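This briefing sets out selected structural features of the protein shown below.

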Amino acid sequence: MATKKRPATSNNYSGSSSSGAGLVPWLGLAAIIILLDQVSKITISKAFAYAETLSVTSFFNLTLVYNKGAAFSFLATETGWQRYFFTAIGLIAAAYITYLMKRHAGQKLFCTALALIMGGALGNVIDRLLYGHVIDFLDFHYLEIYHFPAFNIADSAICIGAALFILDELRRVKK
C-alpha cells in the first residue's frame with residue numbers, strides 16, 4: 001500500500017518534508033478540479049431546466065438532474081440525513097487525503113490520484129452544502145435503451161483518480 005514506509009532517496013521519492021511546499025501542486029490540482037466542476041454545474045444549471053435534455057451525439061446527452069444520494073443514487077430516497085452523512089465523509093476523506101499527500105508528496109502518480117479524488121469529493125461536498133443535492137448532467141446511453149446514471153466533472157475526477165490509484169498500486173507491487 002502507498003502508506004508503506006520507504007527509505008528516503010536522493011530524489012525524495014518518499015515525499016517527506018517538514019514544510020508543506022510539496023503539498024502545493026497537489027492542492028492546486030484539487031482546486032482546479034473543484035473550479036472546473038463548479039463552473040460546469042453553474043453553467044448547466046443556468047442553461048437547463050430540471051430534467052431538460054439536449055442530445056449531443058447518438059450516445060451522449062446533456063441533462064440537468066439532481067442526486068440526493070451517492071454514486072448511482074445510493075440512498076437518494078432517504079429522509080435527508082444522507083446529505084450530512086455524505087458531506088461528513090467527503091470532508092473526512094479530504095482531510096485524510098491531505099495528510100497522505102503531504103506525507104508522500106514526491107510520489108507523483110499516487111498524489112495525482114489522491115488530488116483528483118479529493119477535488120471530486122469536495123466538488124460534490126460543495127453541492128451538498130449549497131443545494132442539498134449534487135448536480136449531475138453528463139448522460140451516456142446506448143440506443144436510448146440503457147442510460148448510465150448521469151454524473152458530473154467531480155465524479156469523473158474521482159473515477160480517474162481511483163483508476164490511477166489502482167495503477168500506482170499495481171506498479172508498486174511489481175517492484
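The protein contains four helices and four strands, in a model that is predicted. Read from the N terminus, these elements follow the order α-β-β-α-α-β-β-α. The chain has 175 residues, of which 39% count as buried.

**Packing of helix 1 and helix 3**

- Two packed helices are described by the angle between their axes and the distance between the axes.
- Helix 1, residues 24–47, packs against helix 3, residues 108–131, at an angle of about 35°; the axes of the two helices are 8 Å apart.
- The crossing of helix 1 and helix 3 is right-handed.
- In the contact of helix 1 with helix 3, 12 residues are nonpolar, six are polar and four are charged.

**Two buried aspartates**

- Aspartate 37 is part of helix 1.
- Aspartate 37 counts as buried because its relative accessibility is 0%, and the cut-off for buried is under 20%.
- The side chain of aspartate 37 forms a polar contact of 3.2 Å with the side chain of glutamine 38.
- Aspartate 139 belongs to strand 3, which covers residues 134–142.
- Although aspartate 139 is buried, it has no salt bridge. The nearest side chain of opposite charge is that of lysine 41, 16 Å away, whereas a salt bridge requires the charged atoms to be within 4 Å.
- The side chain of aspartate 139 does make a polar contact, at 2.9 Å, with the side chain of histidine 147.

**Loop residue alanine 51**

- Alanine 51 is located in the loop that links helix 1 to strand 1 (53–55).
- The phi angle of alanine 51 is positive, at about 70°, although this residue is not a glycine.
- Alanine 51 is classed as partly exposed because its relative accessible area is 46%, and that class lies between the limits of 20% and 50%.

**Loop residue threonine 57**

- Threonine 57 is found in the loop between strand 1 and strand 2 (60–67).
- With a relative accessible area of 29%, threonine 57 is partly exposed.
- A polar atom of the threonine 57 side chain lies 3.0 Å from the backbone nitrogen of phenylalanine 60.
- Threonine 57 and phenylalanine 140 are 83 residues apart along the chain, and their C-alpha atoms are separated by 9.4 Å.

Note on methods: Residues are numbered from 1 along each chain as its sequence is written. This is a predicted model: local features need pLDDT of at least 70, side-chain atom pairs count only at pLDDT 80 or more; totals for chains, interfaces and linings use all residues. Side-chain values use heavy atoms; hydrogens and water are left out. Axes are lines fitted to C-alpha atoms, for helices over the stretch in contact, and angles run from 0 to 180 degrees between N-to-C directions. A crossing is left-handed if the near helix is turned anticlockwise from the far one by less than a right angle, and right-handed if clockwise. Ala, Val, Leu, Ile, Met, Phe, Trp, Tyr, Cys and Pro count as nonpolar, Asp, Glu, Lys and Arg as charged, and the others, Gly among them, as polar. Buried means under 20% relative accessible area, exposed over 50%, partly exposed in between (1.4 Å probe, protein chains only). Lys and Arg count as positive and Asp and Glu as negative; His and the chain ends are not counted. A polar contact is a pair of N or O atoms within 3.5 Å; within protein, one must be able to donate a hydrogen and the other to accept it, and residues adjacent in sequence count only if both atoms are side-chain atoms.
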